[in-house]
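I set down here what I looked up in this structure, entry by entry. The sequence and the model come before the notes.

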Amino acid sequence: MVLAGQQIAEPTGSLSLHVHAPTSGKIVETGRALTPWGRSCPRVILEPDLADRPHPDIVDMGSEVPEEQWWELLTSAGIMLQGPTPWPLSAVLERFRQREKRVLVIQCLDQGIHGISAASCLTTWPEVIRSGLEAIRILCQPQQVLALVDATRHGRNITNQLGNDIEYLPITDAYPAMLPSVTSRLVSGHPIRGDQGQLEADPLVLDITTLFHAGQRIRLRRPLLDSIVTVGGYGLARPQVLRARIGTPVRDLIDQAGGLVGIVGKIILNDVLTGVAIVDLNAPVTATLFSVIVLPRKICRPREIVPCIACGECVEACPAHLEPVFIEQALERLDLATLNRLRVKHCISCGICGWVCPSMRPLFEKVVVAKHRLQRDEALHNPGHVDSTAIIQSGREGDHHE
Amino acid sequence: MSDPGSRLELILSPPPHIHSPLNRDRMFHEVLLALTPTLLIVTGAFGIGWLIRLVAVTVGALLAGWLSDRILRQDFNPLEPAQLVTVTLLSLSLPPLFPPIMATLAAFLAVFFGRNVFGGIGRNTFNPAMFGWAAVALLFPGMLNRGSLPVTPFGSDWLSGDLPMTAATPLVHSATSLLTRVTRLDGGTPAELSLLAVLLGGGWLLYRGIVRWQIPFAVFTGALLGGLVLRLPLINPTAAFSDLFCGALPFAAFFIATDPVSSPVRPSARLVYGLAIGVLTVLLRLHTSLPEGVAFAVLTANLLTPLLDNPNPGGHR
């Protein structure tokens, strides 16, 4: 038997997480599973007792949490950064604290379809978010704090909420401006450094939901038990932002948002340009899920893939100045030396190359495969690995109809 | 709300899950659209003569496509937009009194050997239309000089009659003559007929983003450079400009050199490619007896494309 908030898994390396039970219940199975992204990861199956009894550690005592405990609390909360390349907050803060020049960037750009986004939780829970920001500032002592906001009225509203001693930077919200690597380049002037860039925390880019979870941990001792998920898309009856416990099946989120409408083509986890399409609606909410998008068939019907015509659109479009056309050719030949020379590791996983290709080639997929091949090749020569996030699946086994 | 009894058919494919409106067919349709002013003026000026050549070229292309289907086992779609563009460009590059049977041969060679033998669309090294032109230039020397005069409604007041490379036409004397230069109709192949139509079409392609500025800019710059070096501008100062808007160069700059498959991918490489075409055109116009240097200039630059894309072909160091 476990209680809500009880720690049920320990990190095994510098890049892995603490995991806490999202609700009270009985652990019925531990093992491994395949994520929708096709990678194997540890899995715990929890059967809830529907009483949601909290663990004594996370009961709100009404008193302030002393500052000495903040670092320990934050780094053991199990919080992940959001985006196509999620890293654990603990690892990133550790590296940030050790930097000489520390710049903190809060990313408040609107990421959602229909104008709804997780940044709306800034208006729902402003004190929690401010506490989280305060805690990180006190613990890490950044010399400069910036906030990226939309250059619109919506953005100006946010500036009223976060505080006065922050420098606000209005950005015209064009994808991929909100991706951490692009943000880093805007602020620091360094060239884009690919998926590892955010781990190096130069500058540290955090978004609103991360501050929210940090604030919950500091004020209420509450570890990561739920995720703020934007459930949207034209195939849903009532798109909205939901706060769902880890392990909730995606099916329940869709039902909460009014269910499916019309002829549905794809159900996508996270981003429309980089996310994964799923067929199993039992896929659970995880610490890295921030969006579920349902697209009608008309928008996402499969299109014929034809040979590359070397038009150069992918080269012009890539924010990291890579050449996806050559990366694809080198991958066909399995030419790893050329892939290294083409700086595949600088890819920030934005997906624009595939979006723009007139021949409908799945360029983003190829670049991802190229990165994996290079990583595997390196792992063969330098042992060491990155741990994956644990997935907790709650509910009665197999059957989710209520 | 989701009915447990109904079946949900979901698509499982890799990202991106939405796509930009640009697709390959649309790109080539835009090129055909940009060719419309030229096609209209050409049909008006050359009339039935040109239409016969167009039909002859189409027949050749269809023949090549059919043969590719049988021998090379390539799928053959007669209405493939890239094919339509090649056919149109080739027919605009051949003189109006060119024998139809040779036009058919040119088209057949262009499509079969210029494109399909390499693997079809997206895999050719050479520009197919220019390959066809060059093939007939070599096989039937002198035939391409035939027939410069348009014969219908526009009347002979509008005709310059000269073959472009012999007349060192000043670029601008005054505003009036610039207007005259742009709107007059030149003799030669249909591609050379109306500078205005070509500029309108080229402007449309630039505006739509189908063609980026690098190649047309570099071609004109290369021609200017070639003119400065090769045409003795100390003696006749405006000679340097004489190649810029003469002959098929403007047409080639916007429609032929910009063929995506045979031109390099990187913007910087494209600048070098365009410069090469411009300079080589001037060189070939001056020092060979070819009626127009552009075709071989483009083909030579096509030979440079793999190197411009990958300066380290062996990949060892």
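**Entry 1. The model.** I worked from a predicted model, in which local features need pLDDT of at least 70 and side-chain atom pairs count only at pLDDT 80 or more, while totals for chains, interfaces and linings use all residues. Residues are numbered from 1 along each chain as its sequence is written, chains are lettered from A and ligands numbered from 1 in the order in which they are written, and side-chain values use heavy atoms, with hydrogens and water left out.

**Entry 2. Chain A against chain B.** I looked up how many residues each chain brings to the contact (heavy atoms within 4.5 Å): 52 residues come from chain A and 34 residues from chain B. I then took the buried area, which is the accessible area (1.4 Å probe) that two parts lose on being put together, summed over both. Between chain A and chain B this is about 3700 Å², and carbon and sulfur atoms give 63% of that area. On the chain A side, I309(A), E316(A) and W355(A) lose the most area to chain B, together 16% of what that side buries.

I also checked for salt bridges, each being a side-chain nitrogen of Lys or Arg within 4 Å of a carboxyl oxygen of Asp or Glu. The rule finds 4 salt bridges across this interface. I noted separately that R266(B) and E323(A) are joined by a salt bridge between their side chains, at 2.5 Å from N to O.

**Entry 3. Cysteines.** How many disulfides are there over all chains? With a disulfide taken as a pair of cysteine sulfur atoms within 2.5 Å, I found 0. C318(A) has its closest cysteine sulfur in C350(A), and the 6.1 Å between them is too far for a bond. C357(A) is likewise in no disulfide, and the nearest cysteine sulfur, that of C311(A), is 6.2 Å away.

For exposure I used relative accessible area: buried is under 20%, exposed over 50%, and partly exposed in between (1.4 Å probe, protein chains only). C318(A) is buried at 13%, and C357(A) is buried at 8%.

**Entry 4. A nonpolar patch on chain B.** A patch takes residues with over 30% relative accessible area and no salt bridge; like charges are joined within 9 Å and nonpolar side chains (Val, Leu, Ile, Met, Phe, Trp, Tyr) within 5 Å. I found one such nonpolar surface patch made of L225(B), L228(B), V229(B), L275(B) and V279(B), with about 400 Å² of accessible area together; the areas come from the Shrake-Rupley method with a 1.4 Å probe, and for residues only the protein chains shown count as cover. Helix 8 (214–230) and helix 10 (267–287) of chain B each give two or more residues to the patch, helices being DSSP runs of H or I with at least four residues, numbered from the N terminus. Helix 8 gives the most, with 3 residues. V229(B) belongs to helix 8 and is exposed at 63% relative accessible area.

**Entry 5. Covered parts of chain B.** In helix 9 (residues 249–256) of chain B, 8 of its 8 residues are buried, among them F251(B), F254(B) and F255(B). N302(B), in helix 11 (residues 294–309) of chain B, is buried at 0% relative accessible area. Beyond its neighbours within four places in sequence, N302(B) is in contact with T125(B), F126(B), N127(B), S262(B) and Y273(B).

**Entry 6. V187(A).** I placed V187(A) in helix 6 (residues 180–188) of chain A. V187(A) is partly exposed, at 24%.
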